[in-house]
Amino acid sequence: MVMQEAVKISAYDAALENFDLAADALGLDPDLREMIKYPERVLEVNLPVRMDSGHIHRFQGYRVQHSTARGPAKGGIRFHPNVTIDEVKALATWMTWKCAVVNIPFGGGKGGVTCNPKDMSLQEVERLTRRYAASILPLIGPERDIPAPDVYTNSQIMAWIMDTYSMTKGYPIPGVVTGKPISLGGSLGRNEATGRGVFYTVQCASEHLGIPIKGSRVVVQGFGNAGSVAASLLYSNGALVVAVSDSRGCIYDGNGLDIPKLILHKERTGSVLGFSACEEIRPNELLAIACDILVPAALENTIDADNAASIRARIIAEAANGPVTPEGDSILGSKGIFVIPDILCNAGGVTVSYFEWVQDEQHLFWEAQDVYNRLERVMKTSFAEVLRIHKESSVSMRRAANMLGIKRVAEATKLRGLYP
């Protein structure tokens, strides 16, 4: 008998599959389904950039607006060598449901450039950023589409985009992007917002399942911004973070890693590797560690049909976008693993981006504790709403979150009379 290899599906195919499953569970009207399933706009741009060598290199860039039914499009920009139009469409789709789940008045957008900024000088990254910003200018604006940082982008890149956009108006427009430096209208608490949101939803899941955070064993796959912040908050609340990874490797200490020292080590060396008194392990070993809480905080499709059976966590908190494929999700469900889906778990970033946008538009800025309090209220309220659907409809948390997001977008579409 010949064994067939599992078919790998794209992130966008996975997003559409999850949409269909949730829409079926809702009994969504077929006309509404056709209206809200697909992106409203897809922009592909060529970006010729003069490199430090003096030669021109052409990059490929994208901006996708999936939905503006509930408000301006909102979503990050990633600079990564694996960026594709399929990936950007998937991320924009997830952003639509994410904004609706936490009930903020945005729709989903996303952008990306296929490049590796780690191999580029700061000046080359600036030239690329400004060229990209100029190319997507027809789509963006505080009332239309508001970008933010994502993988391999940061507050400096947002500052360049804001400046490029503002030059076309003749005066500063801080509300065109979020995730900016504080001195340019950024919000306190924005940098740690995604990881803090992950922590709040883990608190809720732990309470629901009766698993105390204090003494729980945690594995973090992806020790970047979201992963390190979530790890730090869990550590400070008594959890043992036994393993973490980044793009260069994975480390393990069964007695628990000293997270504050590890963060300093990574800031100094650029990697978690080489941290004292720990063991280097392989990526597949990290995901298979027996733990209470697994935080996938890297890229999409990390847990799939090939490795889901090896997962031995009780809670999976999806700090990354789309880290579990539909096939992997089915296997995790059969194992009884409680999954906090990405469109709920990592919505802290877009929530505080909304707070930043509000502050920019009002020209009135909040204290950090105000941001934390508002974020905690939004995340815990949203978790409770998704959990209620999960219980009442006897569906997975992922299906419940998608049902909530899709229902809200469908209602907005219907109320606005957006039928063709």
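The protein chain carries 43 positive and 46 negative side chains, and the centres of these two sets lie 3 Å apart. Here Lys and Arg count as positive and Asp and Glu as negative, while His and the chain ends are not counted; each charge is placed at NZ of Lys, CZ of Arg, CG of Asp or CD of Glu.

The model is a predicted one, in which local features need pLDDT of at least 70 and side-chain atom pairs count only at pLDDT 80 or more, whereas totals for chains, interfaces and linings use all residues. Residues are numbered from 1 along each chain as its sequence is written, and side-chain values use heavy atoms, with hydrogens and water left out.

Confidence comes next. The mean pLDDT (the predictor's confidence in each residue, from 0 to 100) is 94 for the protein chain, and 97% of its residues reach 70 or more. Over residues 1-6, however, the pLDDT is below 50, and this stretch has two contacts in the model beyond near neighbours in sequence; a contact means heavy atoms within 4.5 Å. Where pLDDT is low, the predicted coordinates should not be read in detail.

As for the overall fold, the protein chain holds 14 helices and 12 strands, taken as DSSP runs numbered from the N terminus (helices: H or I, at least four residues; strands: E, at least two). With a radius of gyration of 21 Å, close to the 22 Å that the globule rule gives for 420 residues, the protein chain is as compact as a globular protein of that length. This radius is taken over C-alpha atoms, and the rule is 2.2 Å times the number of residues to the power 0.38. Of the 420 residues, 57% count as buried, where buried means under 20% relative accessible area, exposed over 50%, and partly exposed in between (1.4 Å probe, protein chains only). Among contacts with a separation of 6 or more, 68% join residues 24 or more positions apart.

Asn 103 sits in the loop between helix H3 (85-101) and strand E4 (107-114); its phi is positive, near 60°, in a residue other than glycine, and Asn 103 is partly exposed at 46% relative accessibility. His 363 lies in the loop between helix H12 (348-362) and helix H13 (368-393). Although not a glycine, His 363 has a positive phi of about 55°, and its relative accessible area of 64% makes it exposed. Ser 166, by contrast, belongs to helix H5 (residues 155-167) and is buried, at 8% relative accessibility. Leaving aside residues up to four places away in sequence, Ser 166 touches Tyr 171, Pro 172 and Ile 173.
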